[in-house]
Amino acid sequence: MKIRTIFITLYAVLLSAPLLAQNQNIKFSGFGTLGVIYSDSDLYGYRKDVGSQDGAFSGSLDFKTDSLLGLQVDAAISDDIDFIGQTILKEVTKPSFDRFLTLAFIRYQASPQWTFRIGRTAPDLFLLTEFRDVDFAYTWATPPNEVYGIIPYRSIDGADVTYTHRLNNGTLKTKLFTGMADAEISSKSVTETIKIKDVLGLSLSYDKFNWALNANFSQVTFANEANSNKAIATQVALMPEFIWPNSIATSEELLIKGAKSNYASVSGRYDWDNWRFTAEFSRIDAKVKLIPTISSMYAGLTYQHDEHSFFMLYSSTSSNAFDISDDNVNIALIPELYMAFTDAVNFYASNQDTSSIGWRWNLSNNIASTLQFNVTNINEHGGTLWVKKAQDSSAETVHTTMFNVSFVF
Amino acid sequence: MKKLLITSIIFAFVLAVPAHAEQLVVVVNKNNPIEKMNHSEVIDLFMGKYVVFPDGNKATPVELNNKSEIKKAFYSELVGMSLARINAYWSRLKFTGRARAAIEQPNQESLLTYMSNDTSAISYLPRSQVTANLKVVYELNE
C-alpha cells in the first residue's frame, strides 16, 4: 500500500499544479479522441483490449470504446529533475482513482546520456504500448488489436533507466525497467483483476530517422489468482477419477500465481519518398497451461501526400487452444463444469486476422481525423479479443468501421 | 515611368516573398565551443532523439510556437515533415515522458534574449536575424 500512498501524493501535486500555473516551469498539455465505431456482429462485440467489458455490437453506434481525454502536467523541479503526471479519462471496467492515473513519475537526467525515472510510467512491453491511447500519435485509428488487444496494462509502478548514445549517425537507446502492474481482464459476465510483479524488461531501439529497429523483451510474474479460475479449479479437483482422470493435476494447471510470462517483440519502420512500411512481430510465452503461447504480427504500408495518409494494414494472432478430449473426461456427466473449464483454459487463445484500409487527414497542426475499415476473420474459439454476447465460439467474419477525431493541445 | 513601374514590381515581389524563404541557419550562443554540426546531429537534437552537442554537453533546444512560419519552414527543410506530423511525432515522446520538448518562446525578440543568456541553447533563424551574440553551426540546404 505504501506505493499507492506515494502515487496519491504525486497525484496531489498534479491536482494542485493549477495553482502554480503562472510558474513558467509548469506546463499543462493534453490529448484526446472523439471516436465512433460500428461493427456488424451480433455475437462478437468490438473492444480495444481484453480489459473492456462492453463492446460495439451490430445495430448501434458505439461512442465509448474509442473516446478519451488525457491531461498532463510537466513540472520542472530543476534543470535535471522534473515531475510528470497524467490522467486519462475514459470508459473503464472498474473506475477508480488508480485506473485514471496513468503517469506519475520523477525524471532525473543525470547526464545527456543517462535518464532515470521512478514512479508510475507507461509499460514498454511492445512498440506502441507506451502511447497506445494517444491516437494523434499514429496513423491508424487504433493500434492493431491482434498485437495490442491482449495487453490490458496501461501503467507500471517501478523504475527505469535509459542510456542513449550516437552510433554510426543514428541513435541507440537501451532501457531497463522493473516494477509491478495490475489491470482488469473481462468477459461479458466476469471481470478479474490480474496483478503482475517482478517485471524485468529490456528495450532496445536504433533509429536512423528514415528507418528504425526496436526489440523489447520482458518477463513478469503473476502475483494473484483469478477468483473464477480458483472456483473452477476447486470443482475440477473434486471430480473422481472415473469422471476426470488426473483431475487434481489438471486443476493445478488452472492456477497461475507465481508463474512467469515472457513478452517479446521485434519491430521495424522504413520510410522512402512518400511511403512508410511498418511491421512488428510479438510473442507471449507463459510457463502455464492456462496461457498458451501467443504469436502475433502486423505489417502496414502508408502513402503520405501533404496532410493526407492512406494506409493498409494486415495483422494476425494465433495460439493453440487447450484440448482436454485426450484426457478421457466424461463430459456428458459434467457439461456445465466442462464448459466453464473450456472457457477458462481457452480465454487467452486468440486466433484471428484483420485486413484494414484507412485514411488519416491532418485537419490542422493539432487535429486529425481517421477513418478505418476492418475485416476480421475470427476462428472457432479464437474470439478472445472480443466481448462475446453468448456462450458461442463459432467462427465469424466481422466488419468494423471506425472514425475518430484525435487532437493534442 | 517605366523605371518606376519596374521598381514597384520588384518591390512588391520582395514584399510578397515570405520571411521563411530566406535561408535558415541553426545557431548557438557565441560562447558555446561548438563550431559546426552535421545534418543528422541537428535532426537528433530537434527531434528529441539525442539532445546533446557533438562535444557531449547538454543542449537546450529553443524555438517559436506552432504559429510561426519559420518553425514550419525549418521542419519542412530539416526532415520534410509538416507541423501536424511533427506534432504527432512529438506526442509520442511528450505523452510518454520520454523527452522534454523544446522550450517555446512567444516571439523572435524573446528567443534572441534567451539565446544570448544561455550557452546550452540552440535554435534556428533566418540568416539575416543572426546577431553578434550568436554563432551559426549549421546551414539548412547547404
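1. A:Asn246 is placed in the loop that runs between H4 and helix H5 (247-252) of chain A. Its phi is near 60°, which is a positive value in a residue other than glycine. As background, most residues other than glycine have a negative phi. Please keep in mind, here and below, that this is a predicted model.

2. A:Phe209 sits in the loop between strand S9 (191-207) and strand S10 (211-222) of chain A. A:Phe209 also takes part in the interface between the chains, where, together with A:Arg166 and A:Asn365, it supplies 21% of the area that chain A buries against chain B, more than any other three residues.

3. That interface as a whole buries about 3000 Å² between chain A and chain B, with 48% of this area on carbon and sulfur atoms. The contact draws on 42 residues from chain A and 32 residues from chain B.

4. Which charged pairs join the two chains? Between chain A and chain B the count is 5 salt bridges, and one of the salt bridges in the model is formed by the side chains of A:Glu130 and B:Arg98, with an N to O distance of 2.6 Å. Over all chains, the structure holds 29 salt bridges.

5. Within chain A, A:Arg120 forms a salt bridge with A:Asp98, and their closest N and O atoms are 2.9 Å apart. Because A:Arg120 lies in strand S6 (residues 114-121) of chain A and A:Asp98 in helix H2 (residues 97-100) of chain A, the pair ties together parts that are 22 residues apart in sequence.

6. How do H4(A) and H6(A) lie relative to each other, parallel or oblique? The axes of helix H4 (residues 227-237) of chain A and helix H6 (residues 335-345) of chain A come within 10 Å and cross at roughly 135°, and the two helices are therefore oblique to each other. The crossing of H4(A) and H6(A) is left-handed.

7. On the H4(A) side of this contact are A:Asn229, A:Ile232, A:Gln235 and A:Val236, which meet A:Leu337, A:Ala340, A:Phe341 and A:Ala344 in H6(A). Sorted by class, the contact of H4(A) with H6(A) has 6 nonpolar and 2 polar residues, and no charged residues.

Key: Residues numbered from 1 in each chain as written. Chains lettered and ligands numbered in written order. Predicted model: local features only at pLDDT ≥ 70, side-chain atom pairs only at ≥ 80, totals over all residues. Heavy atoms only, no water. Axes fitted to C-alpha atoms, helices over the stretch in contact; angles between N-to-C directions. Helix = DSSP H or I, 4+ residues; strand = E, 2+ residues; numbered from the N terminus. Parallel < 35°, antiparallel > 145°, perpendicular 65-115°, else oblique. Left-handed = near helix turned anticlockwise from the far one by under 90°. Contact = heavy atoms within 4.5 Å. Nonpolar A, V, L, I, M, F, W, Y, C, P; charged D, E, K, R; others polar. Buried area = accessible area lost by both parts, 1.4 Å probe. Salt bridge = Lys/Arg side-chain N within 4 Å of Asp/Glu carboxyl O.
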